[in-house]
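Thanks for making the time this morning.

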Amino acid sequence: KNMGCCLKDRDILQLSSWLGEDCHFKLLYKISRDGGSAEKFHELCDNKGPTVTIFYNTDNNVYGGYLSRSWQRSGGWITDGSSFLFQLYSNRKWNPNMFEVKDTESNVYFDEDHGPKFEDLNSFSGIIEKTSDYYEMIKDDLFRNSYYETRDNDAESIANGHNNVTDLEVYLVKEGLRKPWQEPPVWEPQTLESLKKFIGSFEPNEELNVPEVNILLVGQVGAGKSSVVNTINSIWKGEISTRSWAGSSEHSLTTSFTRYKIRDPSTGTYLKFRLCDMRGLEGDMNVKSEDIASLLDGHIPNKYKFNPAAPATKDTPGFVKEPTIKDMIHTVVFVIDGSNVEVMPDEIVKKLKDIKEMLIVRDIPLMVFETKIDKVCSEVDKDVEEVFYSETVKTSVDKVADVIAIPRSHVFPIKNYEKEGSLQTGISILALRALKQALLFSEDFLENQS
C-alpha cells in the first residue's frame with residue numbers, strides 16, 4: 001500500500017527547519033487531481049512565490065526541490081542560489097536529507113513546455129499520461145551530484161534508480177505557522193462527494209411517519225435566505241440555478257411561505273428534507289409572532305401569503321387545524337449576513353431573540369448560517385478555503401454567536417453562489433456541511449419527540 005500523497009505535520013516541520021523559519025504550505029498543483037500537463041502546472045503555479053515540489057515515488061521514496069522564486073513560463077535556465085533538493089522518506093522510512101546547491105550557475109529551468117525542472121531533478125515535459133498506476137517522470141541526471149550536493153547519496157539510494165511517481169505536488173510556501181480557529185474540512189472533491197452521499201441517503205426514522213424533515217430559514221431581508229435555497233439546489237443540479245427569487249430589494253422578495261424540495265438528478269427522486277422559506281424580517285413590516293408560532297407548530301399551509309396586518313387563523317384557507325409531527329418545523333436556521341452583523345437593526349435582533357424563545361419552549365434546534373463571508377474578508381473573497389484561518393471571519397462568527405446567544409459551533413460560515421458562473425468545490429463543501437448539521441439536528445428533534 002502506498003504511503004498516501006500529502007504533506008504530513010512531520011514533513012512541514014522538517015521543511016520549515018531547512019527554510020529557517022516556521023512555514024505553512026498551500027497546495028497549488030497535484031498531478032493526480034489536475035492532470036499531467038505543463039500548461040496546467042504553469043496556470044496554477046506561476047507568479048505565486050516560493051514553492052516546494054514533491055515527488056511520491058512508487059517505492060515509497062519521497063523527495064523534491066525548493067525554489068525561492070516564482071515559476072515562470074519562460075526564461076530558460078536561471079540561477080536560484082537559495083534553491084535546494086531534499087529527501088523526506090526512503091523506502092517508507094523517515095530519512096530527511098537536504099541537498100544544498102553547489103556554487104554553480106543555471107540550476108532551474110523555466111519553460112512553458114516543462115513541468116517543474118531542477119538540475120539533478122526533472123519532472124515531465126508537454127503532457128504526461130499515467131501508465132498503469134504511475135507517472136513515468138524523466139530520470140536523466142537524477143540526483144547525479146553535479147548541481148546539488150548529494151554527498152554519498154545518489155539516484156539509487158534516494159529513488160531506487162527510477163523516477164516513477166504515484167503523485168507529484170507543488171506547494172506554495174508561506175511564512176508563519178497558521179492555527180485555524182476551527183478545524184477546516186479537507187478541501188477535496190472526495191469530501192464533497194461524501195457530504196453529498198450522506199445528504200442523498202438521509203432519511204428520517206421510519207417509525208415516526210415523517211417523510212422528510214422541515215428546515216425553516218429565518219432572516220432579515222437581503223441576508224441571503226433564498227440564495228441558500230438556490231445554492232443547495234445548484235450543488236445538486238450540478239450547475240448554478242435560481243429556484244427562488246434571490247436578489248436585493250428594499251422589501252422581502254419572498255412574500256409567501258414556500259417549502260422547497262430538492263431533486264437529485266442522479267436518482268430522479270427528491271431528497272428527504274424541505275427548505276422552508278418565509279418572508280424576510282424587516283423593521284416596520286414584520287411577520288406576526290402568532291404566524292411564526294403557527295408555522296413552527298405546523299398549521300401554516302404551503303404558499304401561505306403573510307399578512308403583516310393580521311395573522312393566520314383557523315379560518316385561513318388551507319390552515320392545518322390538527323398538525324402532526326410531519327407538519328412541524330424540525331430545525332430553524334437563522335440566516336445572518338456576516339458583513340453587517342455590527343449594524344443589524346435592534347428590532348431585527350429583538351425579533352430573532354423572540355423567535356429563539358419560541359424555539360426553546362418547543363425544544364426545536366437552532367443554528368445559524370452566516371452568509372456573505374466573502375464580504376467580511378477579502379482573503380476569503382479570493383479563496384473561500386481561507387475561511388477558518390481568517391481572523392475577521394472568526395470575529396464575525398463570534399459576534400453572531402454573541403448576539404443570538406448560541407454556541408459558536410452552531411454558527412456555520414457559508415458563501416452562497418451569487419456572482420460565480422460555475423460550481424466550486426470549496427463553496428459547495430461549506431454549504432453542505434452546514435446542511436448536514438441541520439439534518440442531524442432535525443433527527444435529534446424527531447428522536448426527542450418520539
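Predicted model: local features only at pLDDT ≥ 70, side-chain atom pairs only at ≥ 80, totals over all residues.

**A contact, and what surrounds it**

Let me begin with aspartate 374, whose side chain makes a polar contact with the side chain of lysine 419 at 3.2 Å. By polar contact I mean a pair of N or O atoms within 3.5 Å, where, within protein, one must be able to donate a hydrogen and the other to accept it, and where residues adjacent in sequence count only if both atoms are side-chain atoms.

Residues are numbered from 1 along each chain as its sequence is written, and side-chain values use heavy atoms, with hydrogens and water left out.

Aspartate 374 sits in helix 9, residues 373–376, where helices are DSSP runs of H or I with at least four residues, strands are runs of E with at least two, and both are numbered from the N terminus. Is this aspartate buried or exposed? Aspartate 374 counts as buried because its relative accessibility is 9%, the cut-offs being under 20% relative accessible area for buried, over 50% for exposed and partly exposed in between, with a 1.4 Å probe and protein chains only. Leaving aside neighbours within four places in sequence, aspartate 374 is in contact with Val380, Asp381, Lys415 and Lys419, contact meaning heavy atoms within 4.5 Å.

Stepping back to the whole chain, there are twelve helices and 15 strands, and the C-alpha trace spans about 90 × 45 × 35 Å along its principal axes. Of the 450 residues, 54% are buried. If we take contacts between residues at least 6 apart in sequence, 71% of them join residues at least 24 apart.

Now to the interior. In soluble globular proteins, nonpolar side chains tend to be buried together. Here the largest nonpolar core has 88 residues, and those with the most contacts inside it are Leu216, Phe273, Met278, Val332, Phe334 and Ile404. Helix 12, residues 425–449, gives the most to this core, with twelve residues. A second, separate core of 31 residues includes Cys45, Phe55, Ile128 and Leu172.

Leucine 432 lies in helix 12 and is buried, because its relative accessible area is 0%.

Just after helix 1, glycine 20 takes a positive phi of about 80°.

Serine 70 is found in the loop between strand 3 (62–67) and strand 4 (76–78). A polar atom of the serine 70 side chain lies 2.8 Å from the backbone nitrogen of glycine 49, and the backbone nitrogen of lysine 48 lies 3.5 Å from a polar atom of that side chain. Not counting residues up to four places away in sequence, serine 70 touches Asn47, Lys48, Gly49 and Phe110.

Finally, two loop residues with backbone angles to note. Arginine 92 has a positive phi of about 80° although it is not a glycine, and arginine 92 is placed in the loop between strand 5 (84–90) and strand 6 (93–100). Serine 106, in the loop between strand 6 and strand 7 (108–110), has a phi near 50°, again a positive value in a residue other than glycine. Arginine 92 counts as partly exposed, at 44% relative accessibility, and serine 106 is partly exposed as well, with a relative accessible area of 26%.

Technical notes: Core = buried A, V, L, I, M, F, W, Y, C linked by side-chain atoms within 4.5 Å.
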